[in-house]
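Q: Hi, I'm new to this one. Could you walk me through it?
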Amino acid sequence: QVRLVESGGGLVQAGGSLRLSCAVSGGTFNDMGWFRQAPGKEREFVATISWRTVYADSVKGRFTISRDNAKNTVYLQMNSLKPEDTAVYYCAAGRGVRGFVYWGQGTQVTVSS
């Protein structure tokens with residue numbers, strides 16, 4: 001059974017940093033990603049990692065996605081955080097034809113102004 005567990009969310013002031021972690025068990029995946037959903041908005045793409053990394057324009061230059069294969073963990077380093085980054089952040093794994101197959105439960109990130 002595949003399980004994704006996110007951690008590292010919290011409350012931070014604008015301009016601050018957080019590092020999210022996503023620990024994967026029950027499988028290994030080349031394609032992994034981070035998405036987020038703000039209140040009243042649809043879930044949106046943040047970053048993915050496979051043989052390359054891809055970022056949403058809104059986070060490019062501020063966020064970095066990385067992985068530790070030995071720990072089967074993916075990270076999202078978030079710097080220069082803005083209030084508009086406030087959202088629940090979700091980890092995803094195993095990209096299929098219709099998108100990512102496995103999802104974590106999410107971790108809340110709140111950026112105060």
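A: Happy to! One term first: contact means heavy atoms within 4.5 Å. Among contacts in the protein chain between residues at least 6 apart in sequence, 54% join residues at least 24 apart.

Q: Thanks! What should I keep in mind about where this comes from?
A: This is a predicted model, where local features need pLDDT of at least 70 and side-chain atom pairs count only at pLDDT 80 or more, while totals for chains, interfaces and linings use all residues. Residues are numbered from 1 along each chain as its sequence is written, and side-chain values use heavy atoms, leaving out hydrogens and water.

Q: How many helices and strands are in the protein chain?
A: Zero helices and eleven strands. Those are DSSP runs numbered from the N terminus: H or I of at least four residues for helices, E of at least two for strands.

Q: And how much of the chain is buried?
A: Of its 113 residues, 45% count as buried, meaning under 20% relative accessible area with a 1.4 Å probe, protein chains only.

Q: New topic: where is Val-74?
A: Val-74 lies in strand E8, which covers residues 73–78.

Q: Is Val-74 buried or exposed?
A: Buried, because its relative accessibility is 1%.

Q: Which residues does Val-74 touch?
A: Not counting residues up to four places away in sequence, its contacts include Leu-20, Cys-22, Met-32, Trp-34 and Ile-65.

Q: How far is Val-74 from Ala-87?
A: Their C-alpha atoms are separated by 18 Å, and the two residues are 13 apart along the chain.

How values were computed:
Buried < 20%, exposed > 50% of the residue type's maximum accessible area, 1.4 Å probe, protein only.
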